[in-house]
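Hi,

Here is the structure I promised to pass on. Have a look at it first, and then read my notes below.

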Amino acid sequence: MTRNPPTVSVPDLTGRRVVVTGASDGIGLRLAARLAAAGAEVVMPVRRRSKGEAAVAAIRREHPSADVSLRDLDLASLDSVATLGATLRAEGTPIHVLVNNAGVMTPPARMTTADGFELQFGANHLGHFALVGQLLPLLRAGRARVTSQISVAALSGAVNWDDLNWQRSYDGAKAYSQSKIAFGLFGLELDRRSRAAGWGITSNLSHPGIAPTGLLSARPELGRATATRGRRLIGALSRRGILLGTVDSAALPALWAATSPDARPGAFYGPGGPGHLGGAPGEQKLYRPLRDDVAAARVWAVSEELTRVAYAAA
């Protein structure tokens, strides 16, 4: 058990609408609970309603007055992303905070989204790229802060420009790294483009370190019948408070990045402990693959082409 676990304070968010993807379990659920406790209206787009309903019930047991609600979203389907965008635009409520937290990790065999993209690239990056584009009018109306959750996997690796969808030679770990590098480049480019175009949106990045979340747990729908050996090791180390974080501490960098008055646009936040694997959140140096502005602009152009979501038209 970790002693003196790290925490952060969250400002009063009364009257603010917050959207958190991947909020039905793990880090996303912790984020949604903390944001709701601070007074925000929290919208939780989920793929499985039953799991989302259990998450809402858990939040309300802890915070009976929490203003939380579900919407349907499958980030592996651009039609689903467009439907959510249309639903929220029809509601007309400005969005003040968006936390792009959902993700999938290393299916043993190559899988594809409903639109034919490699699953990790499609869901982790392209789905969120399309979501932000669909919600752009509401984000602009709320002068929103957008926080995109990447990973220590973005520390190395590259975008496989010659085979973005890994059709010729699939490597799950490399494809995961690519998805998080592309996603991080997008988050930084979003901030640059917002400043240039006067959208009023600020965008930053976070990463959770390493903690025993569900990413590497048994996921039959991803072809993984049991938790990976790495997931079991992570759980054992986390329980003993050795180097790694807990699910609670792993949520703190995104929570800080999304809500703190001191969190800067275009900055990167993660755990401050040894190796940035656990501990209290703080600002960190951008990983080398994220420092290429030319690559970021290229990711943006390719993403608009693949998703057919044009931010200029929003």
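Two strands count as paired if DSSP finds at least two bridges between them. Keep in mind that this is a predicted model.

Let's start with strand 6, residues 202–206. Which strands does it pair with? On one hand there is strand 5 (residues 145–149), which runs parallel to strand 6 and is joined to it by 5 bridges.

Is strand 6 buried or exposed? Buried means under 20% relative accessible area. Of its 5 residues, 4 are buried, so strand 6 is largely enclosed by the rest of the structure.

Now for a pair of helices. The axes of helix 4 (residues 119–141) and helix 9 (residues 293–307) come within 10 Å and cross at roughly 90°, which means helix 4 is roughly perpendicular to helix 9. Who touches whom? From helix 4 you have Phe 121, His 125, Leu 126, Phe 129 and Ala 130, and they meet Val 299, Trp 300, Ser 303, Glu 304, Leu 306 and Thr 307 of helix 9. Sorted by class, this contact has 7 nonpolar, 3 polar and 1 charged residues.

Technical notes:
Residues numbered from 1 in each chain as written. Predicted model: local features only at pLDDT ≥ 70, side-chain atom pairs only at ≥ 80, totals over all residues. Heavy atoms only, no water. Buried < 20%, exposed > 50% of the residue type's maximum accessible area, 1.4 Å probe, protein only. Helix = DSSP H or I, 4+ residues; strand = E, 2+ residues; numbered from the N terminus. Axes fitted to C-alpha atoms, helices over the stretch in contact; angles between N-to-C directions. Parallel < 35°, antiparallel > 145°, perpendicular 65-115°, else oblique. Contact = heavy atoms within 4.5 Å. Nonpolar A, V, L, I, M, F, W, Y, C, P; charged D, E, K, R; others polar.
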